[in-house]
Amino acid sequence: MYSKKGWGGDINPYVQTTIEKAPPPDDQDAFVSLVVFEFRDEDLIGVWPSPDAPEKEYICTQPNIDKKFCNSTQLGAFILSPNASDSRNPILSYKANLKDPEAPLYHVERTGYYCVSSAPFSDGVQYKGKVEFRNAYGNLPAAQIAKLPFYAGITIVYAVIGIFWGFLYAQNRHDILPVQNYITAIIVFLIAEQLMTWGFYDYQNNHGSNALAKVLLIIVSILNAGRNSFSFFLLLIVCMGYGVVKPTLGKTMVYVRFLALAHFVFGVIYAVASLSITPDNAGPLVLFAPSPPSTSGRSILSTTR
């Protein structure tokens with residue numbers, strides 16, 4: 001997460017953990033232990049019962065109070081190291097009663113990687129909850145916010161290139177080769193595609209991942225796949241001499257278009273995966289997403305030899 005100074009924004013960034021209200025059937029108090037911290041402070045959570053102990057004691061229970069690992073006011077919360085108050089970032093440790101669980105805000109003052117850990121304090125407790133990591137700038141994850149200014153900048157760059165190309169195209173409109181019409185088309189397509197991608201991230205940042213954001217994601221994925229396929233198609237016909245050496249490619253053009261179409265279909269699948277999965281949530285299956293488009297891409301490149 002970014003601090004308010006780190007990226008800017010209108011609100012103070014925070015982490016909020018909300019536990020669902022679930023009173024036990026016997027109407028007894030049931031508690032859940034929670035702790036919010038920055039990952040560099042992980043060593044300050046829990047205590048070693050002895051120098052040769054295999055693992056730390058993390059929860060303040062009555063036996064741990066008797067051993068002086070914590071005091072009675074901390075019963076049910078995570079145990080913090082005696083020097084936890086000296087950490088650069090505050091550590092929030094508390095217990096939530098499932099009859100009426102509280103949801104305190106953890107205010108983020110410094111940029112860092114913040115974590116939430118929970119454990120049932122009472123025996124047999126089952127619980128559900130959610131964690132909201134709210135950055136100051138909006139709803140985009142911290143791993144994706146850099147894409148917002150990037151696509152804004154690349155859209156402006158493509159627009160400037162398009163203006164210069166259009167000026168030269170108009171000046172030499174009577175001597176235009178067929179392949180230059182394809183280049184004009186892809187420049188216009190690139191401007192529209194990058195503008196749409198910029199709009200998608202801007203909308204998701206302002207409104208979150210709602211239904212319209214998912215529709216925009218599909219549109220951007222299709223445009224992204226179209227851009228890659230169009231670029232490979234243009235590379236292939238230029239390498240075959242279309243418009244320069246050969247006025248037409250004949251039946252070969254059919255195969256080229258079929259290969260570009262296959263790359264487009266595979267590219268849509270890959271684009272959806274790359275846009276919807278953040279780096280910190282990527283699993284092993286994401287490694288297989290590039291396989292189909294990379295295979296068709298290699299086929300196109302091998303054809304240009």
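**Notebook: looking through a predicted chain**

I began with G241 and found it in the loop between α5 (211–239) and α6, where helices (H or I, at least four residues) and strands (E, at least two) are DSSP runs, numbered from the N terminus. I noted that G241 counts as buried, because its relative accessibility is 8%, and buried means under 20% relative accessible area, exposed over 50% and partly exposed in between (1.4 Å probe, protein chains only). I also looked up V179, which is 62 residues from G241 in sequence and 9.4 Å from it in space, C-alpha to C-alpha.

For my own reference, I wrote down that this is a predicted model, in which local features need pLDDT of at least 70 and side-chain atom pairs count only at pLDDT 80 or more, while totals for chains, interfaces and linings use all residues. Residues are numbered from 1 along each chain as its sequence is written, and side-chain values use heavy atoms, with hydrogens and water left out.

**The whole chain**

I looked up the overall make-up and found seven helices and six strands, which follow the pattern α-β-β-α-β-β-β-β-α-α-α-α-α when read along the sequence. Of the 305 residues of the chain, 36% count as buried. The accessible surface of the chain comes to about 17,900 Å², and 61% of it belongs to carbon and sulfur atoms; such areas come from the Shrake-Rupley method with a 1.4 Å probe, and for residues only the protein chains shown count as cover. I then took the contacts (heavy atoms within 4.5 Å) between residues at least 6 apart in sequence, and 70% of these join residues at least 24 apart.

**Strand β1 and its partners**

I followed strand β1 (residues 14–19), which runs antiparallel to strand β4 (residues 105–107) and is joined to it by three bridges; two strands pair if DSSP finds at least two bridges between them. In β4, I found H107 as the bridge partner of Y14. Strand β1 also pairs with strand β6 (residues 129–134), in the antiparallel sense and over six bridges, and here Q16 stands opposite E132.

I stayed in strand β6 to look at R134. R134 and Q16 are 118 residues apart in sequence, yet 8.2 Å apart in space, C-alpha to C-alpha. Leaving aside neighbours within four places in sequence, R134 is in contact with M1, I11, P13, Y14 and N139. The side chain of R134 also reaches the backbone oxygen of G138 at 3.1 Å.

**A buried serine**

Next I looked up S87, in the loop between α2 (62–66) and β3 (92–97). Is S87 buried or exposed? I recorded S87 as buried, because its relative accessible area is 17%. The side chain of S87 reaches the backbone oxygen of A84 at 3.0 Å, and a polar atom of that side chain lies 2.5 Å from the backbone oxygen of N89. Not counting residues up to four places away in sequence, S87 touches D41 and L44.

Last, I turned to V265, which lies in helix α6 (residues 252–276) and is partly exposed, because its relative accessible area is 43%. Together with L261, F266 and I269, V265 makes a nonpolar surface patch of about 360 Å².

Notes: Patches are made of residues with over 30% relative accessible area and no salt bridge: like charges are joined within 9 Å, nonpolar side chains (Val, Leu, Ile, Met, Phe, Trp, Tyr) within 5 Å. A salt bridge is a side-chain nitrogen of Lys or Arg within 4 Å of a carboxyl oxygen of Asp or Glu. A polar contact is a pair of N or O atoms within 3.5 Å; within protein, one must be able to donate a hydrogen and the other to accept it, and residues adjacent in sequence count only if both atoms are side-chain atoms.
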